Amino acid sequence: MLADAATDSGGTRSGGTATATPQAPAPITGTALAAVVTVPAAMAVAPLPPVVATGFAVRCTRALLSPWSRLSLLLVLLAGAAATVLLFHPQRLLSDGWPPQLSGAMAALVFAAAYGLCSVAFVPRPLLNLGAGALFGSQLGTGAALAGTVLGAGISFGLGRVLGQDALRPLLRGRWLKAADGQLSRHGFRSMMAARLFPGLPFWGVNYCAAVSRMRWTPFLLATALGSIPNTAAYVVAGARASSPTSPAFLIAMACIALPALGGAVVAWRKRHHLRGD
């Protein structure tokens, strides 16, 4: 009877049937876990690329996009453009004439595009304006020359702003340089009008000076278009009437070339105190 009522740690006797108590599972060791859990080959982590190569590429990119690298690229482009002009001699159009395949408005558009590119490559604008008058006459030649003037100014301004401004602005330390920069930045339209009316200033030099300053696109292009009308039209008419230098149209054109020069000199004389005071 004592045996029937006895219980032990392994089970319980009830009605002649013994029920075993569940045992706690044995802990899984690191070796067993490694044997059970396996990583498929497709899910294996690929090795990371070396950091040195990425850092070298970043440094090369920064060096190529640095302000002085962009300025060097601008100088190379301008030198190549000047060399191209010297090689092809565009001034021969004055003696050889325009290609017979082009005529009318299409020829004027092509000439305007060539005018803009040549002005970027330091070809003197008076020569281009005379050629426009000799090739297309007074009216069509004036329109083509003005379009080429604005196009060339826009190209020069864009190149100088993107490739040269960041490198050249820290060099504006002299009094006159700071004064000119302040004048162009604060009074862009008025200053550019005076620069365009004065024919003694180089066209490309004014473009790149404006690009280095903080002048905006709209006043630069608008002042270039309006300020270039008198001088451009005068040279075009002179080129169209060069065969009759004693005609009234030729004499009026020469007077219109001289008067803007006098007006620009007066404006520069009046502005000299402002430049010294800034």
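**Helix packing and surface features of the model**

Of the contacts in the protein with a separation of 6 or more, 78% are between residues 24 or more positions apart. The structure is a predicted model, and the protein contains 15 helices and two strands. Its chain has 278 residues, and 30% of them are buried. The protein exposes about 17400 Å², of which 71% is supplied by carbon and sulfur atoms.

Within helix 4, the residues Leu71, Leu74, Leu78 and Val85 are buried. These residues lie on the same side of helix 4, because the arc they cover around the axis is only 55 degrees. The partners against which the buried residues of helix 4 pack are helix 6 (104-120), helix 8 (138-168) and helix 11 (203-212). On the face of helix 4 turned away from the buried side, the exposed residues are Trp68, Val76, Leu87 and Phe88.

Helix 6, one of these partners, contains Ser119. With a relative accessible area of 2%, Ser119 falls under the 20% limit and is therefore buried. Beyond its neighbours within four places in sequence, Ser119 is in contact with Leu128, Gly148, Gly152, Phe203 and Trp204.

The chain then passes through the loop between helix 6 and helix 7, where Phe122 is found. Phe122 has a phi near 70 degrees, a positive value in a residue other than glycine. Most residues other than glycine have a negative phi. The relative accessibility of Phe122 is 31%, so this residue counts as partly exposed.

The buried residues in helix 7 are Arg125, Leu128, Asn129, Gly131, Ala132, Gly133 and Phe136. Leu128, buried in helix 7, is also among the contacts of Ser119. Just after helix 7, Gly137 adopts a positive phi of about 85 degrees.

Not counting residues up to four places away in sequence, Met192 touches Leu184, Val206, Ala210, Met215, Phe220, Ala223 and Thr224. One of these residues, Phe220, is 28 residues from Met192 along the chain, yet the C-alpha atoms of the two are separated by 6.6 Å.

Phe189, Leu222, Leu226 and Ile229 make a nonpolar surface patch of about 320 Å². Leu226 is placed in helix 12, which runs over residues 217-227. The relative accessible area of Leu226 is 41%, so this residue is partly exposed.

Technical notes:
Residues numbered from 1 in each chain as written. Predicted model: local features only at pLDDT ≥ 70, side-chain atom pairs only at ≥ 80, totals over all residues. Heavy atoms only, no water. Patch = residues over 30% accessible without salt bridge, like charges linked within 9 Å, V, L, I, M, F, W, Y side chains within 5 Å. Areas by Shrake-Rupley, 256 points an atom, 1.4 Å probe, with all protein chains shown as cover. Salt bridge = Lys/Arg side-chain N within 4 Å of Asp/Glu carboxyl O. Helix = DSSP H or I, 4+ residues; strand = E, 2+ residues; numbered from the N terminus. Buried < 20%, exposed > 50% of the residue type's maximum accessible area, 1.4 Å probe, protein only. Arc of directions from axis to C-beta. Contact = heavy atoms within 4.5 Å.
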